[in-house]
Amino acid sequence: MKRKKPLPHSAMAKRRHKRFIGLTIFLVLFMGYLFFTLWRIQTVDGAELNRMSSEWRVNRMSHGSTVTPQRGWIMDRNMQTLAMSQSVFNVALDVSMLAYRENVSINRGGANRRMWMDEALTALHEELDIPMETLRAMFIWNAADNAWRPDFHDNWRIVARQVPAGIAIPLRDRFTDINLEEVSLRTYPDPTFAPQVIGFMHGVNNDNQWGLELQFHNLLSGAAGRTFREFDANNTLTRGEIPVQHGMTIVTTLDSDIQRLTQQTVDAVFRDIQTDAVGMIVMRPDTGEIIAMAQAPTFSLAEPFNVELFSDPSIYALWEYKTAQERQNARDYMWRNYHTIHTFEPGSIFKPIVVAAALEEGIIQPHDTFFCEGIITVGNVQIRCFGGHAHHTVNVSQILSQSCNVGTIQIMQRLGRDEFYRYRGYFGYGERTGIDLPGEAAVSSPYVMYPLHMLGPVQLATSSIGQGFNATSIQSITSFAALINGGNVMRPFIVSHVIDENGVVVQETRPQVIRRAISQETSDWMRTELEQTILDPQATGRNTRITGHSIGGKTGTAERGADRDEVSIAYWIYTPVENPEFIIFIVAENVEQGRTAGNTLAPVLRSFLQELIIMRNMPPSEGPYLEYDTSPVIPVHPMLDFTGHRVSDAVRNLVNLEIGFQIVGGGTVITHTFPGPDNTRPLPWTIPVQIHTDPATAIPGGMTVMPDVVGLYGDIASQFVRDATFIPMWFGGTTELANYVVYRQYPAPGTVVEQGIQTILRMRRR
């Protein structure tokens, strides 16, 4: 066997050199990886590792407690509190540690003997009013060991819950054996304020929630922290902490004043007429913001289980006869949001949708006429017109204002099944609106919404007048808003933004167009012509007229039940017609026979609008509708003839009568007033007289813009008014002005008026 020839010395040197280079590269790469890993641990992963370390230490310690975050607040659009949280504490006693300290003291005896147990238990007894026998029962004396021990296995015992901070914190600071668990106590400044919207929490772990409390639970709840005791490097007992993250604040689009007025309105309707339920929504039609949402019957957020606080007395009267399931069903019905879950037949309020679709497709023209004989036969079904009488020849506008069933069905017959089905979807029927409230119903079931293949001639006819299918209130008002806002179906919303605990806006809701249903041109025509529902002397909504203010809308009455013996009435209106600021919808279900939206809901909405006009200082409108205001509604004061007089003279007379006023035109000489001379006032004193002036009579350099002093203290408001050259006249608080706040002023802020006129400031005690 041949032996290998040894390598030359130069070859061996080259091989050793290559090995050295390879090893060097490996070591450099390894050290680089090692340094990179250490750098990452110290910088990138440091915070996470520290958190994990803290949690590990907490879990290893037997003595610790959770710091419950304070639940975020819920506010209205003006930052008035709707739901708030107060930090309170559950007081816990470390019975194991207290027994240990007491036993050590016993063993030491003599001068070093300290009564640890007596001190702690006496303090708990005195501060929390816990009987001493209850506290001492937590410990058992073991005579054999000459020691105390707890009477149970747990180290901690909660001895009191929801203790105010002023009592709980001093106890903890005095005794190391007493620890606190911070909890959040939910309270509602006005428990009857939109309870189905705000919602509430119940259950052992607050695991059952409703309304905004449920929808925004993750943002409202925050993240819990921990406090614990541990031993440091010197074996000294110290306190450790993982910081708590408190919940965020939810700012809603609700207006507290309008919401309360809305709730008062539905409560009055529910109380005054025989009905199963009443619901009402106020919305900004151009943005989809919900300004108010109320329903009746309702409940109190302070005690949602207390049936005595339900606003339907019949429920309480029969409560003892109900089964457990029936009682829970009654509560659920009261707690649910009527507007997003419950459905109803729209009735004639739906007719404008059919007309708008036909106009948009060019199937009809605004000047087209139709003939109504009072009844129409479709297939083998006879459908009578509203009111049971013939309207004879009517145009498109009159079909809407007089709610002509026959005319609407004739328009539907021209429109056809496919186009109707398409536009019904365009306006959002059969789908969720996407409102930021839980549990919204889509109402797409064929049992409550005809699918395309089921839309025969009879179904089309009944659908055109809003019968034979269901919708929710929020679907309805969203579709009606699209009719008058330029044709845009908006996503309704009730939360405008979310603020974190540092005051930073972390989430904001902006108006969102879901789709365009009709063109701007069609929308403008609908918005203008629906005013005739109020202005036409034969219109169904004529009882809603308010002098000087333009209002449009549509009434609706739907027969329900197998024998059509149940009636639901609904009405939606908007104002001002020129540029709608508010759209308002109200529905009352299963009312007594003989009631219609025109004779029942129209006067109700008129009263609501009167208050809203005052509340928001809404200026009057101009237009031909004024000729229809010929009869007084509530005689209060006879009107003088101020035509041709100076504004200052008229204002002086009105101030003496304590009657508010609004000035239109920016002049100093009056052209006319509403109401006119020699007529008793058609509105109560709370509705201002409208003084129309000739702009040409404005005095150069002698006119001033009225400042906005609503919400200011009386003394400050008076000074503002004087500084603007006006004379303040106080009503409701004429002494100690600093103790009163202005809640209404005449003339309205921003009005251009003659310098030196008197100004009415209505005030109430702050």
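Tutor: The discussion below takes several features in turn, each with its general idea and then its case here. This is a predicted model, in which local features need pLDDT of at least 70 and side-chain atom pairs count only at pLDDT 80 or more, while totals for chains, interfaces and linings use all residues. Residues are numbered from 1 along each chain as its sequence is written, and side-chain values use heavy atoms, with hydrogens and water left out.

Student: How many helices and strands are there in the chain?

Tutor: Helices (H or I, at least four residues) and strands (E, at least two) are DSSP runs, numbered from the N terminus. The chain has 24 helices and 33 strands.

Student: What percentage of the residues in the chain is buried?

Tutor: Buried means under 20% relative accessible area, exposed over 50%, and partly exposed in between, with a 1.4 Å probe and protein chains only. Of the 766 residues in the chain, 50% are buried. Helix α14, residues 351-360, is mostly covered, with nine of its ten residues buried; among them are Lys351, Pro352, Ile353 and Leu359. Gly362, which follows α14, has a positive phi near 75°.

Student: Which residues of the largest nonpolar core touch the most other members?

Tutor: In soluble globular proteins, nonpolar side chains tend to be buried together. A nonpolar core is a set of buried Ala, Val, Leu, Ile, Met, Phe, Trp, Tyr and Cys residues joined through side-chain atoms within 4.5 Å. The largest one here has 94 residues, of which Leu483 and Trp572 touch the most other members. Contact means heavy atoms within 4.5 Å. Not counting residues up to four places away in sequence, Leu483 touches residues including Pro352, Ile353 and Ala356, as well as Phe427 and Trp572. Another core, of 35 residues, lies apart from it and includes Val278, Ile291, Ile534 and Ile586.

Student: What share of the contacts with a separation of 6 or more joins residues 24 or more positions apart?

Tutor: Such pairs account for 71% of those contacts in the chain.

Student: Which residues lie nearest the centre of the second largest pocket?

Tutor: On a 1 Å grid over the protein atoms alone, a pocket is an open set of points with protein on both sides within 12 Å along at least five of seven lines, and lining residues have an atom within 4 Å of a point. Grid points are joined across faces, edges and corners, and a volume is the space filled by probe spheres set on the points. The second largest pocket has a volume of about 550 Å³. Its lining has 21 residues, with Asp257, Met615, Arg616, Tyr743 and Arg764 nearest the centre. The elements that give two or more residues to this lining are α10 (256-272), α22 (597-615) and β31 (740-746). Helix α10 supplies the largest share, five residues.

Student: Where are cis peptide bonds and positive phi values found?

Tutor: Most residues other than glycine have a negative phi, and most peptide bonds are trans. A cis bond joins Ala296 and Pro297, with omega about 5°; Pro297 is in the loop between β14 and α11. Another cis bond joins Thr575 and Pro576, with omega about -15°, and Pro576 is in the loop between β24 (566-575) and β25 (582-591). As for phi, His392 has a positive value near 60° and lies in strand β18, residues 392-395. Thr725 has a positive phi near 80° and is placed in the loop between α24 (714-723) and β30 (727-731).

Student: Why does His392 count as partly exposed?

Tutor: His392 counts as partly exposed because its relative accessible area is 47%. Thr725 is also assigned to that class, at 36% relative accessibility.

Student: Is Ser300 buried or exposed?

Tutor: Ser300 is buried, because its relative accessible area is 8%. Ser300 sits in the loop between β14 (290-296) and α11 (313-317). Leaving aside neighbours within four places in sequence, Ser300 is in contact with Pro191 and Leu309.

Terms used. On a 1 Å grid over the protein atoms alone, a cavity is a set of points where a 1.4 Å probe fits but cannot get out, and a pocket is an open set with protein on both sides within 12 Å along at least five of seven lines; lining residues have an atom within 4 Å of a point.
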